[in-house]
Amino acid sequence: MEILSTQNLSKNFGAEDVLKNINFSAEKGELISIIGRSGCGKTTFLRCLNCLNILNNGTINIDGIMLDAKEFNGQKLGDDHSSKSKNDDFLKDSLQYITKDEIHKKVHNIRKKVGFLFQNLNLFPHLTVIENVMLPIEKVLLKSYDEAYAISEKLLEKVAMNKYQDRSSALVSGGQAQRVAIARALAVNPQIMLYDEPTSALDPELVLEFIEIARSLKNEGMTQIIVTHSLGLAKTISDKVCYMDKGEIVEYGNPKDLFANPKKSRTKDYISKLILS
Ligand SMILES: Nc1ncnc2c1ncn2[C@@H]1O[C@H](COP(=O)(O)OP(=O)(O)OP(=O)(O)O)[C@@H](O)[C@H]1O
Ligand SMILES: [Mg+2]
């Protein structure tokens, strides 16, 4: 069953066309890696899927919610500087919601379905581990403190971080911080998880831990999209691999075919250069 798709999704920053007519789809429970050169638009694509960037054209379908670029009508989102609107009281980040308009509601509902693991994790250093996880449960799901606490304890157990739940998140190691950030992204009980280079700062053992978490989420039916520069990770973990170049999807298929027999010369070229990674 298809859970996520985009139709002719386009995004520009000023004169730069960063995403060009992206047609993408993911089935429920699939684990998909997106690979491609630095600057090809991978992060921007993930951010569009989570409405952290506004698409300029096209549509996104996420688990029954359809968002058309036209609906934004020039409104601005967070640090997205590409639109011309001066509507300042819009969303500043993924944890701030204003539900005045239909579009705000839609964005809010999409974000409840989509968890996002930022490359730099974005934990709040002045909060403890458990407080970081509780935050979206209180702010987005509007649950009480006690409920949020109980849900967060379970999520931290899932990523084996409950031992450290009262520690300041500024004091946990990189691998631990990542697990906390995963628990926080899972806090809104999403159907889909997006990860931006989740293993780039991890040692090999921690990469294996990440793979374990991703696999156990897959077993629970989670749909996951992973942006990575690690072809090893993409090969090991993915049901499908998507190769992007210059804002376009060049090739999209199962990892065996894509890595062993790339159909497009652009894919071949990229993979041959990265054979050592
Ligand atoms: N908020 C923004 N304002 C202006 N330009 C941006 C913004 N965000 C991204 N870009 C530009 O869009 C292009 C694609 O960036 P993006 O971060 O999506 O690439 P990427 O594929 O994730 O690269 P990397 O592998 O290095 O992370 C780049 O040229 C970048 O400079
Ligand atoms: Mg990026």
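Author: By class, the shell around ligand 1 has six polar, three nonpolar and three charged residues. Bear in mind that this is a predicted model. Twelve residues surround the ligand, and the closest include Phe13, Ser38 and Lys42, along with Thr43 and Thr44. Two elements, strand E2 (16-27) and helix H1 (42-49), each give two or more residues to that shell. H1 provides the largest share, three residues.

Now on to strand E3, residues 31-35. Five of its five residues are buried, so the strand is mostly covered. That goes for both faces: Leu31, Ser33 and Ile35 are buried on one side, and Ile32 and Ile34 on the other. E3 also has partners. It runs parallel to strand E8 (residues 223-227), with four bridges joining the two, and leucine 31 has glutamine 224 as its bridge partner there.

Last stop, the largest nonpolar core. This core has 65 residues, and Ala183 and Leu194 are those with the most contacts inside it. Helix H6 (residues 174-186) gives the core its largest share, seven residues. If you zoom in on alanine 183 and leave out residues up to four places away in sequence, you'll find that it touches Val133, Leu155, Leu156, Lys158, Val159 and Met161.

Technical notes:
Residues numbered from 1 in each chain as written. Chains lettered and ligands numbered in written order. Predicted model: local features only at pLDDT ≥ 70, side-chain atom pairs only at ≥ 80, totals over all residues. Near = placed C-beta within 6 Å. Nonpolar A, V, L, I, M, F, W, Y, C, P; charged D, E, K, R; others polar. Core = buried A, V, L, I, M, F, W, Y, C linked by C-beta atoms within 7 Å. Buried ≥ 20, exposed ≤ 12 C-beta atoms within 10 Å, placed from the backbone. Contact = placed C-beta atoms within 7 Å. Pairing = 2+ DSSP bridges.
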